[in-house]
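Trainee: I am new to this structure and would like to learn how to read it. Where should we begin?

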Amino acid sequence: FPPKPAAGVAALTRRAAALADLGPLFVDVTWGAGGSSADVTLDIADALQNHVGVDVLMHLTCTNMPREKVDVGLEGAKARGVRNILA
């Protein structure tokens with residue numbers, strides 16, 4: 001996890017939409033260590049928050065990441081409207 005192919009992201013989004021009916025307060029989306037899954041994490045966070053309609057807590061793993069990569073992750077989250085971040 002996270003799912004690598006686009007089909008996996010789409011399947012996760014469909015399942016999350018079904019679970020959203022249960023009314024979760026938020027969902028946690030974890031950033032891969034070292035930013036290894038950065039783009040997929042941002043895509044999933046965007047889909048869940050802006051298309052499924054659940055608040056996202058993006059867990060930004062900062063271990064072994066240069067500051068510039070952390071900045072890119074924060075800027076990406078901000079651009080997608082994700083404001084809840086655990087670092």
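Mentor: Begin with a term. A contact means that heavy atoms lie within 4.5 Å. With that in hand, take the contacts in the protein with a separation of 6 or more: residues 24 or more positions apart account for 71% of them. Keep in mind that this is a predicted model.

Trainee: What box do the C-alpha atoms of the protein fill?

Mentor: Taken along the principal axes, the box is roughly 40 × 25 × 20 Å. The accessible surface comes to about 5300 Å², and carbon and sulfur atoms hold 57% of that surface.

Trainee: How many positive and negative side chains does the protein have?

Mentor: The protein has 8 positive and 9 negative side chains. The centres of these two sets lie 3 Å apart.

Trainee: What share of the residues of the protein count as buried?

Mentor: A residue counts as buried when its relative accessible area is under 20%, and as exposed when that area is over 50%. Of the 87 residues here, 39% count as buried.

Trainee: How should I read the span of helix 1?

Mentor: Compare the expected span with the distance between the end C-alpha atoms. At 1.5 Å a residue, the 15 residues of helix 1 should span 21 Å, and the end C-alpha atoms are 21 Å apart, which agrees. For helix 2, residues 38–52, the reach from first C-alpha to last is 20 Å, close to the expected 21 Å.

Trainee: Which residues of helix 1 are buried, and what do they pack against?

Mentor: Gly8, Val9, Ala11, Thr13, Ala16 and Ala20 are buried in helix 1. The buried residues of this helix pack against helix 2.

Trainee: Is Ala7 buried or exposed?

Mentor: Ala7 is placed in helix 1, which covers residues 6–20. Its relative accessibility is 58%, so Ala7 counts as exposed. Ala7 and Asp28 are 21 residues apart in sequence, and their C-alpha atoms are 20 Å apart in space.

Trainee: What do the buried residues of helix 2 pack against?

Mentor: They pack against helix 1, strand 1 (27–30), strand 2 (56–59) and helix 3 (67–79). Among the buried residues of helix 2 are Ala38, Leu42, Ile44 and Val52. After helix 2 comes Gly53, with a positive phi near 90°.

Trainee: Why does Thr41 count as buried?

Mentor: Thr41 is found in helix 2. It counts as buried because its relative accessibility is 1%, and the cut-off for buried is under 20%. Leaving out residues up to four places away in sequence, Thr41 touches Val29, Thr30, Trp31, Gly32 and Met58. The C-alpha atoms of Thr41 and Asp55 are separated by 14 Å, and the two residues are 14 residues apart along the chain.

Trainee: Where does Phe26 lie, and what does it touch?

Mentor: Phe26 lies in the loop between helix 1 and strand 1. With a relative accessible area of 46%, Phe26 is partly exposed. Phe26 touches Asp55 and Leu57, not counting residues up to four places away in sequence. Phe26 and Val82 are 56 residues apart in sequence, yet 11 Å apart in space from C-alpha to C-alpha.

Trainee: What is phi of Asn64 near?

Mentor: Phi of Asn64 is near 60°, a positive value in a residue other than glycine. Asn64 belongs to the loop between strand 2 and helix 3. Asn64 is exposed, with a relative accessible area of 73%.

Key
Residues numbered from 1 in each chain as written. Predicted model: local features only at pLDDT ≥ 70, side-chain atom pairs only at ≥ 80, totals over all residues. Heavy atoms only, no water. Helix = DSSP H or I, 4+ residues; strand = E, 2+ residues; numbered from the N terminus. Buried < 20%, exposed > 50% of the residue type's maximum accessible area, 1.4 Å probe, protein only. Areas by Shrake-Rupley, 256 points an atom, 1.4 Å probe, with all protein chains shown as cover. Lys, Arg positive; Asp, Glu negative; His and termini not counted. Charge placed at Lys NZ, Arg CZ, Asp CG, Glu CD. Expected span 1.5 Å × (residues − 1).
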